[in-house]
Amino acid sequence: MQRHFEVSPPSVHQMLVTLERNGLIRRQPGVARSIQILVATKNLPILDWLKINQS
């Protein structure tokens, strides 16, 4: 995320905290790479644009 958005590590952390607070992701404390997306795939238009199978 840091490279993609060209922001600092604290900014990435704040993004994740905000996404979690808004109920869009779930994280497991103390476990690296444990982010789970809680948004239904049909609500992610980028998947349709990329022609990714949403099943």
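In which element is the place of Q36? Q36 lies in strand β2, and the views below present this residue together with other sites of the predicted model. Because the model is predicted, local features need pLDDT of at least 70 and side-chain atom pairs count only at pLDDT 80 or more, whereas totals for chains, interfaces and linings use all residues. Residues are numbered from 1 along each chain as its sequence is written, and side-chain values use heavy atoms, with hydrogens and water left out.

View 1. Strands are DSSP runs of E with at least two residues, and helices are DSSP runs of H or I with at least four residues, numbered from the N terminus. Leaving aside residues up to four places away in sequence, Q36 touches L24, I25 and R26; contact denotes heavy atoms within 4.5 Å. The C-alpha atoms of Q36 and R26 are separated by 5.1 Å, although the two residues are 10 residues apart along the chain. Q36 counts as partly exposed, at 40% relative accessibility. In this scale, buried means under 20% relative accessible area, exposed means over 50%, and partly exposed lies in between (1.4 Å probe, protein chains only).

**View 2. The salt bridge between R27 and E20.** The side chains of R27 and E20 meet at 3.0 Å, N to O. A salt bridge is defined as a side-chain nitrogen of Lys or Arg within 4 Å of a carboxyl oxygen of Asp or Glu, and by this rule the count comes to one. R27 is partly exposed at 27% relative accessibility, and E20 is likewise partly exposed, with a relative accessible area of 29%.

**View 3. Helix α2 and the glycine after it.** The end C-alpha atoms of α2 are 18 Å apart, which agrees with the 18 Å that its 13 residues should span at 1.5 Å a residue. The expected span is 1.5 Å times one less than the number of residues in the helix. G23 follows α2 and has a positive phi, near 75°.

**View 4. Positive phi at E6 and R33.** Most residues other than glycine have a negative phi. E6, which is not a glycine, has a positive phi near 55°. Its place is in the loop between α1 (2-5) and α2 (9-21), and E6 is exposed at 73% relative accessibility. R33, also not a glycine, has a positive phi of about 55°. R33 is found in the loop between β1 (25-26) and β2 (36-37) and is exposed, with a relative accessible area of 83%.
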